[in-house]
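Let's go through this model together, one feature at a time. Ask away once it is on the screen.

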Amino acid sequence: MATRILIPTPLRPFTGQQRAVSAEGRTVGELLQQLTMDHVELRPHLFGPDGRLRSFVNVYVNDEDIRYLQREGTPVTDRDTVSIVPSVAGGAPATAAPAASELPALTNEEVQRYSRHLIMPEVGVDGQRRLKAARVLCVGAGGLGAPASLYLTAAGVGTLGLVDFDVVDVSNLQRQVLYSTSDVGRSKLAAARARLTGLNPGVNVVVHEAALTSANALGIIREYDVVVDGADNFPTRYLVNDACVLTGKPNAYGSIFRFDGQASVFGAPGGPCYRCLYPEPPPPGLVPSCAEGGVLGVLPGIVGTIQATEAIKLIIGVGETLVGRLLLFDALHMTFRTLKLQRDPDCPVCGDSPTIRELIDYEQFCGVPAASAAGSAAQPGEGETTVEDLRARLDAKAPVWILDVREPREFEICRIPGSTLIPLGELPKRLAEIPQGAAAPEIVVHCKSGARSAKAVRLLAEHGITNAKNLKGGILEWINRIDPSLPRY
Ligand SMILES: [Zn+2]
């Protein structure tokens, strides 16, 4: 009796790129044991050292979360479909809805501009006035924030806040449709405000040119009715989640990776939050970011537009939102699925006896910096070396063995001369290729920006190879400071 198990994109490298595999077993636990015997490399991604299923991996039987069935003892048959859903690096009226008499009136120009909304029974003049009164905050003006802010502005949301601190990079233009080639090098928020105000001068675009932090998040989020989470890293995701729960603001969540998207609405009254779904973040480096793993340019367009749709429904108070459901979108096979989510009564932030009552240190909680701090000129930490040091050692012809743990496609784009490529995922079974012994040169490990190589250095140390150092800032820092002739990606 074989049951089908759907494998998400981030885990497919460990199943020979198969999207679905079959395994034998009477319960979910037996199936997962069989699965990880058939695909041994999958095991550390699903199970912790204590043999328990990792908390950032959720398992569903059909559309039910096994945590609310019989966990790993949940029985399965060959008619069931089991899904593995790991976390990846974005109703009722949203808040106390104003009475109709308190809503702002529409001008004649606005009646004309929004006429396609006004003639819909679900929106109408009342709904459009609710949009005009609404304040929506987009956290991040990147891949998800771009389409979300464009559609929310076009739809006539009265106040649109944007939080970001980046400048437009040429590699953003493949998906961040808010920006033009002429914006490269410009502050994202300055470019975004110009574009959005041009699209709809009636919308008050408020820019918060800063990183969202535990110090400023509550103050910023309190000013808004609905949050659209377009963060690209785990610390900011947990920060946005907790701040939304603590301030009682619903959060239209979206996330993207390669061809896969997720969307939901968290923090709505009675509904689950992101921590109910993923109580803990994955360890640093286990789940690649879009900068490391790539993303189809259209994907954030679709997911960000879904987030804008949910925000609008929350404001108008129509339809059925994604509260209590997780939408999974697979662009490669063009499928949409929804899984049921429940509020966890033991959730540390939205549960019945919450233990988190104020914002915490999210970088520490996730073990990674929120912003791409890699590449700063700070002193190297223990076990790290700098690009200047590597350059000096190469110039002096000192013995050094450079290990590149990126993927072959990245190696084709650019490489440090003399480096050897062993992708991080292949490292455990290719340790014999690493020079070892008393006469072995020091090893310098690098990836794109330093996260994967830090993991590789730890992995080498676990196998007794202790003369390896992580190249701080990775090849991007090498390009920035040593060889600007190489292409950045
Ligand atoms: Zn929760």
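Q: Is Asn62 buried or exposed, and how do I read that?

A: Count the other C-beta atoms, placed from the backbone, within 10 Å of the residue's own: 20 or more is buried, 12 or fewer is exposed, and in between is partly exposed. Asn62 has 12 C-beta neighbours inside 10 Å, so it counts as exposed. Keep in mind that this is a predicted model: local features need pLDDT of at least 70, side-chain atom pairs count only at pLDDT 80 or more, and totals for chains, interfaces and linings use all residues. Residues are numbered from 1 along each chain as its sequence is written.

Q: Where is Asn62 found?

A: Helices (H or I, at least four residues) and strands (E, at least two) are DSSP runs, numbered from the N terminus. Asn62 sits in the loop between β3 (57-61) and β4 (64-65). Its phi is near 55 degrees, a positive value in a residue other than glycine.

Q: What is phi of Met334, and where is this residue found?

A: Phi of Met334 is near 50 degrees, again positive in a residue other than glycine. You'll find Met334 in the loop between β12 (325-330) and β13 (335-340). With 8 C-beta neighbours inside 10 Å, Met334 counts as exposed.

Q: Now Asn241: buried or exposed?

A: Buried, because Asn241 has 26 other C-beta atoms within 10 Å. Asn241 belongs to helix α9 (residues 234-247).

Q: Which residues does Asn241 touch?

A: A contact means that the C-beta atoms of two residues, placed from the backbone, lie within 7 Å. Not counting residues up to four places away in sequence, Asn241 touches Asn251, Phe266, Gly267, Cys273, Tyr274 and Arg275. As for Tyr253, 12 residues apart from Asn241 along the chain, the C-alpha atoms of the two are separated by 9.1 Å.

Q: How far apart are Ala154 and Asn200 in space?

A: C-alpha to C-alpha, 6.2 Å, although 46 residues separate them in sequence. Leaving aside neighbours within four places in sequence, Ala154 is in contact with Leu199 and Asn200. Ala154 lies in helix α6 (residues 145-155) and is partly exposed, with 15 other C-beta atoms within 10 Å.

Q: How do the axes of α5 and α12 cross?

A: Axes are lines fitted to C-alpha atoms, for helices over the stretch in contact, and angles run from 0 to 180 degrees between N-to-C directions. Under 35 degrees is roughly parallel, over 145 roughly antiparallel, 65 to 115 roughly perpendicular, and the rest oblique. The axes of α5 (residues 124-133) and α12 (residues 298-316) come within 9 Å and cross at roughly 110 degrees. That makes α5 roughly perpendicular to α12. Gly127, Arg130 and Leu131 in α5 meet Ile312, Ile315 and Ile316 in α12.

Q: Where does pLDDT stay under 50?

A: pLDDT is the predictor's confidence in each residue, from 0 to 100. It stays under 50 over residues 90-96 and over residues 372-378. The model has 27 contacts beyond four places in sequence for residues 90-96, and 10 for residues 372-378. Where pLDDT is low, the predicted coordinates should not be read in detail. The chain averages a pLDDT of 90, and 94% of the residues score at least 70.

Q: What does the secondary structure of the chain come to?

A: There are 17 helices and 18 strands. Buried residues make up 43% of the 489 residues in the chain.
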